[in-house]
Amino acid sequence: MTLIATTEAPSGTGQPRVTVLADRCAGCQECVIRCPVGALSMDTGRWIAQADDAVCVGCRQCVRTCPFSAIVVDGPMLVGPRAEPEPVQPERLVGDVGEVRRGFASWTEALAEADRCLACPDPTCVRGCPAHNDIPGFIAAVGRRDLQGAHEVLRRTSVLPDVCARVCNQAAQCEGSCTWSLAGGTPVAIGRLERFVTDTMAVPPPAAPLPGGGSSHGGMPVDGMSVGIIGAGPAAAGAAWALVEAGASVTVYEKDPVPGGLCNWGIPDFTLPEAVAARPWRQLTEAGVDLRCATEIRPEDLDRLLATHDAVIAAHGASMPMRLPVPGAELEGVTDATTFLQGAKAALEPGGDPVAFRAALGLAGQDGDPGREASRVLVLGAGNTAMDVARTARRLGLEATCVDWLDERFALTRPDELDEARHEGVEVRFCATVTRLDPDGDSGRVASAVLARTTQARADRPPKPLGGASEALRADLVVMAMGYRVDPTFAGTLPGTPVRRQAAGLADRHWSASGILAGPASAFADHYPVGTLALGREVGLWAAALPVRARVWTAGDALVGPSTVVEAMAQGRRAAAAVLDARPGRPDRAAPPGADRAARVLVCYESSGGHTARAATAIADGFTERGYKARVLPIAKVGPAELASADAVVVGSFVEGFVVAGVRPAKAMRAWLAGLPRLGGRPVGVFCTYAVAPKGALAAMRRALEDTGATVVAEAAFGPRQLKPEAGVSGPLVFGRQLARQLSVEGARGNGQ
Amino acid sequence: MAFDVQDRAAAPLADPVPVALRMRPPEREGLEERFASSDPNPGLDITRNPRVARLVRSRKFQFLLILPNQIVFWTVIFVGLLGTAVPGLNFGAAITWYVWFALVFVMMVVVGRAWCMMCPFGGFGEWIQRRTFFQRTQKTLGLGRKFPEPLARAGFLIPVVSFLLLTWIEEFFNIAGPGNPADTSWMVVGIVGSALVFFLVFERRTFCRYICPLTSLIGTIGSVGSVAGFRTRDREVCLNCETKDCMRGGTEGFGCPWYTWPGSADSNLYCGLCSECYKACPEDNVGLFLQRPLTSVVAPRRRRADVAWAVVLLWGLVLYQQINATNGYASFDNWLNSHLHFPHYPNPVAYLGSIALLALATAGAAWGIAALLARRDADLERPGSFVDRGSRFRAFFVPIAYGLIPVVGADYFARQLPKFFQHSARLVPSVQHIFGFSGAHSPIYSTRILSDPRIVLVQVIVIAAGTLGAAWCTWRIAGRELVAVGRSALAVRVTTLGLVAACGVVAALLYVAMHAAP
């Protein structure tokens with residue numbers, strides 16, 4: 001085991017020293033409420049923060065969260081060394097698919113690591129985790145030796161803790177966002193602690209629905225709702241778990257003969273053992289999920305599914321391998337990562353025949369004879385999939401070389417995975433690209449690859465090929481492992497996908513306040529901007545909560561393109577929660593599940609002088625009279641969470657412009673509409689307020705909303721007469737009543753909630 | 001009937017992150033007592049008026065205040081450089097020294113940092129830094145550095161030094177005389193240029209808070225003003241706010257450029273009235289409050305040593321300016337220059353020496369009061385930074401200096417009156433002169449608003465008003481802060497009021513002796 005020492009500050013003093021800049025400290029207490037150890041308090045006489053150096057541990061949370069940069073911390077971080085078990089080094093690599101990475105071997109190690117967690121009041125690790133696991137919560141349970149409690153905490157947000165503990169890139173997620181990491185130190189080994197929990201106590205199966213159909217995890221009764229899920233990857237597992245726990249009838253359609261998706265065939269056993277990968281689907285089928293393997297759903301089948309199920313969650317993943325369009329790509333001996341990994345998995349399993357697999361590919365291994373030359377597999381790409389291919393090839397007794405045109409500084413693979421691959425004998429060449437694949441004479445089979453050098457100055461710039469001499473490299477098999485993409489034939493059926501995971505505009509203020517976005521990325525996080533990446537993931541997470549079309553939600557790689565297991569699982573759970581929240585029903589159902597629930601309408605507006613705000617309130621009153629639950633919010637406070645929680649939406653804006661010229665919705669409204677997520681099939685009412693004439697304002701808003709997939713069911717413009725206070729804003733009130741009548745509970749749901 | 005997305009029963013889609021938040025409750029001990037005297041009356045929140053609210057919420061609010069001044073001061077620069085060399089006919093020199101400086105003091109005394117709200121120097125730098133005239137942008141131009149901590153610890157002392165330096169330069173080149181109008185232009189260019197450099201190197205309004213020559217003057221004297229600035233409407237809402245958009249910036253407004261939090265502001269010292277906090281607050285919990293005059297002198301519980309030293313140094317400067325306008329000073333300055341081989345007035349040794357001597361004399365008076373009247377059993381020593389450290393001397397000096405603010409402010413205001421009353425009418429021919437009309441023979445050019453004896457009378461009245469204000473402040477401050485640490489309440493009050501009266505009398509006598517000299 002290696003102990004990673006904490007980063008010592010240059011001063012080398014034994015105790016951190018906190019300086020509160022008295023001139024600039026405004027006494028806002030942002031540091032006080034977030035200090036993990038309570039080292040900061042208020043000097044109530046001067047009303048500025050004061051620090052107790054003796055209590056401070058040097059985590060610099062205060063430095064990151066102070067809005068006015070009024071705190072300086074010098075000195076070391078007082079945290080123990082992190083326990084880092086070294087990877088397993090098999091004596092004979094060939095044929096060995098045993099797990100490489102080790103977990104904590106004992107309670108002593110786990111407790112020591114748990115003790116390093118500061119249990120931050122505003123834990124940035126939680127924001128860095130794509131599933132938002134309550135990390136301090138489960139680590140505290142470990143600290144109490146309460147594995148049951150740790151599982152309960154993890155279960156609130158994750159159904160794949162054993163999988164995530166093994167395959168997540170924690171350095172760019174939770175551990176990269178740990179306060180120690182943000183301070184430039186070594187974070188808590190969150191992934192290993194999660195693994196310790198799942199290694200020591202089995203992950204519990206889905207909880208049985210409560211009597212009456214409710215979920216033991218806070219959901220509401222679903223009364224036999226039927227949900228179809230396309231795919232059986234991590235997104236589908238997350239969704240199916242939440243649905244089956246809520247009492248829904250879940251049918252999963254998987255094109256492969258075995259469930260698991262990428263976890264099954266894309267991640268080799270030495271990273272994710274088959275028993276771990278298979279565990280979720282075993283438990284799900286035992287809990288009653290109807291798993292139909294070898295059943296492929298094509299886009300044209302979607303309407304048929306919708307006729308059978310109340311809702312469909314499309315989680316078919318991104319399994320189409322990308323290929324490099326180079327001369328010679330069509331030669332024999334050129335394959336893709338999926339084909340190679342699927343074949344190799346079967347060959348390396350107990351009872352499999354690696355030699356036969358090699359032979360089928362026309363390859364030969366050393367097979368214990370040092371004088372015999374092994375075939376060389378050339379892997380195009382050096383991402384995680386490429387590493388999996390190359391390391392699998394080594395286990396088949398083959399030589400493996402990865403070639404990537406990126407600079408190693410900007411490599412897409414995890415640094416630890418790259419180290420492990422190199423240690424296992426994989427040759428990895430960066431700043432090189434294949435320009436041509438040449439056959440062996442006239443045989444039609446690939447024999448060599450011509451490589452050219454590239455250069456890359458910045459991560460956000462593509463590499464440029466360099467002129468000069470090229471190099472020929474022997475290649476007996478070429479595996480294209482540049483990643484995967486979503487099946488483009490689904491794009492027409494699932495409009496708006498794949499969603500780009502990039503947060504636009506001002507960062508969420510709570511995220512900024514937590515400090516996760518402050519400062520440069522740490523070395524431990526491989527200099528990933530962990531906060532920015534996490535905020536981008538939120539876009540995908542909330543996109544999963546909104547339907548792409550009537551009664552259809554999307555999650556996982558199918559929604560956002562190639563991503564990660566944990567992200568897909570979290571999106572699946574979010575999509576399932578949205579389905580449970582919306583209670584969609586097939587048109588032929590007499591009484592959709594949850595029909596007794598009051599429908600919810602969100603009235604959002606952009607107001608300048610207060611007229612539009614008053615009109616919005618009056619419209620909401622109209623809805624309330626008809627039994628709706630109505631909520632009125634300015635658009636600045638309306639995000640995906642608010643939109644996802646509404647059965648119907650009413651959008652209103654004042655009209656700006658010069659009487660006849662440039663008349664249009666308010667600028668803020670236009671920007672808001674342009675940034676809206678998909679509102680597939682959601683009924684929407686539109687209104688505007690004007691002084692002289694609305695002209696094309698309503699039409700502009702309607703077009704923008706229809707572009708999101710929303711169904712605009714009514715629109716109205718209110719002039720000065722209807723908005724006079726003495727008129728009792730009767731116009732908007734009547735509009736609200738009419739709209740409420742139009743959007744009757746059945747109508748609203750029939751439109752696809 | 002409404003629904004809440006955070007209510008799990010109503011909305012299972014609630015974000016799981018808040019579940020993991022276990023933030024400490026903010027401290028509230030002593031909160032009410034701390035702000036009881038300085039919190040403005042809720043009825044004096046002028047943004048309760050919808051029209052005012054709409055105006056202040058507009059992103060163009062500050063831009064429209066800055067724009068006219070921007071036009072005027074770029075005109076000053078160009079006309080000063082390219083126009084006539086006759087100061088009284090040059091628009092640049094005339095508006096700057098006959099009108100603008102006097103108006104700035106009126107704004108200071110009545111409002112506070114009204115000039116900062118519309119300042120073209122800071123405004124220009126801020127436009128460049130934000131890359132916009134008025135929109136809420138996300139990316140700024142420049143390095144965005146933090147002002148070095150050791151310098152920031154000095155608080156108001158750096159701007160006082162920059163004000164002393166600028167005043168000396170202005171006296172040396174006779175810029176404000178006014179002398180050559182081009183010198184006025186170069187001075188303005190220098191201020192705009194240095195402001196721009198600071199705006200591009202440092203974050204927010206570092207220049208305005210830590211460097212600007214006027215900031216210490218406006219900050220201290222502005223505390224007599226009747227605008228409390230942007231303050232919290234409900235402190236509990238501010239305490240519970242977990243985003244502090246008013247400080248970090250929100251969707252509608254930038255974070256406070258002056259490093260002020262409306263939730264803890266107890267004076268108008270650092271409120272630049274830019275309204276960004278008002279725009280940024282997502283809870284609509286910030287208002288623009290009025291207050292009774294002198295409130296920001298008397299009410300703050302936290303008194304800062306840098307402000308106190310700024311007051312006595314500024315007091316020293318204005319007294320120096322009065323003394324050097326008397327008949328005898330010129331011969332002293334000439335004598336010193338001949339011995340120190342300095343070309344001409346003002347001799348820097350005499351300049352700095354006089355200011356230091358006058359400031360130390362004032363501080364010395366406070367030291368004497370402390371030495372004589374401080375209770376021996378009172379524990380007045382307190383560790384801390386330069387701004388907040390406690391000692392027996394500081395326990396008396398700092399509150400006494402605050403009490404002197406009205407008379408210092410009155411003195412500066414009275415100092416501007418001769419130029420205003422004697423020459424402000426020249427603004428009209430100077431404007432006409434830009435378009436080729438009129439000249440020194442215009443009857444308006446020689447028009448005076450008041451005769452010299454009447455100017456002296458007005459100056460004495462202004463000083464008397466300032467002295468009365470200072471006396472009232474000192475009485476209140478002494479009663480609240482000095483009596484408790486003094487051996488005799490009566491002696492403390494008598495001596496501190498005596499110091500105020502002495503200051504007033506000295507200033508008034510000097511004005512009489514100056515005979516309305518500009």
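**A walk through chains A and B**

Guide: Gladly. Chain A has 28 helices and 28 strands, and keep in mind that this is a predicted model.

Visitor: What makes the radius of gyration of chain A agree with a compact globule?

Guide: We set one value against the other. A compact globule with 753 residues would come out near 27 Å, and chain A has 29 Å, so the two agree. Along the principal axes, the C-alpha atoms of chain A fill a box of roughly 100 × 70 × 60 Å. Buried residues come to 56% of the 753 in this chain.

Visitor: How is chain A divided into domains?

Guide: The assignment gives domain 1 (2-74), domain 2 (104-205 + 501-544), domain 3 (209-318 + 493-497 + 548-591), domain 4 (334-485) and domain 5 (600-750). Between the C-alpha centres of domain 1 and domain 4 of chain A there are 49 Å.

Visitor: Why are strands E9 and E22 of chain A said to stand at the edges?

Guide: Look at the order of the open sheet first: E9-E8-E7-E10-E22 in chain A, with parallel pairing. E9 (290-292) and E22 (552-554) of chain A each have a single partner strand, so one side of each has no neighbour in the sheet. On average, neighbouring strands here are turned by 20° against each other, direction ignored.

Visitor: How do you know that E7 and E8 of chain A pair?

Guide: Count the bridges. Pairing takes at least two, and E7 (residues 226-230) and E8 (residues 249-253) of chain A have five, in the parallel sense. For example, Gly228(A) has Thr251(A) of E8(A) as its bridge partner. Helix H21 (residues 565-582) of chain A packs on this sheet, where it touches E7, E10 (311-314) and E22 of chain A. The direction of H21(A) makes about 170° with that of E10(A).

Visitor: Which residues touch the most other members of the largest nonpolar core?

Guide: Those are Ala239(A), Ala240(A) and Ile313(A), in a core of 332 residues. Helix H19 (residues 392-423) of chain B gives the most to this core, namely 18 residues. As for Ile313(A), its contacts beyond four places in sequence include Val227(A), Ala239(A), Trp553(A) and Val579(A).

Visitor: Why does Lys60(B) count as exposed?

Guide: The cut-off is 12 or fewer C-beta neighbours within 10 Å. Lys60(B) has 12, so it counts as exposed. Lys60(B) sits in the loop between helix H2 (50-57) and helix H3 (61-82) of chain B.

Visitor: How do you know that the two domains of chain B are in contact?

Guide: By counting residues: 37 of domain 1 of chain B are in contact with 43 of domain 2 of chain B. H4(B) gives the most to the domain 1 side of that meeting, with ten residues. The domains themselves are 38-301 and 305-514, and their centres, taken over C-alpha atoms, are separated by 23 Å.

Methods: Residues numbered from 1 in each chain as written. Chains lettered and ligands numbered in written order. Predicted model: local features only at pLDDT ≥ 70, side-chain atom pairs only at ≥ 80, totals over all residues. Domains from an automatic or database assignment. Helix = DSSP H or I, 4+ residues; strand = E, 2+ residues; numbered from the N terminus. Axes fitted to C-alpha atoms, helices over the stretch in contact; angles between N-to-C directions. Contact = placed C-beta atoms within 7 Å. Core = buried A, V, L, I, M, F, W, Y, C linked by C-beta atoms within 7 Å. Buried ≥ 20, exposed ≤ 12 C-beta atoms within 10 Å, placed from the backbone. Rg over C-alpha atoms; globule rule 2.2 N^0.38 Å.
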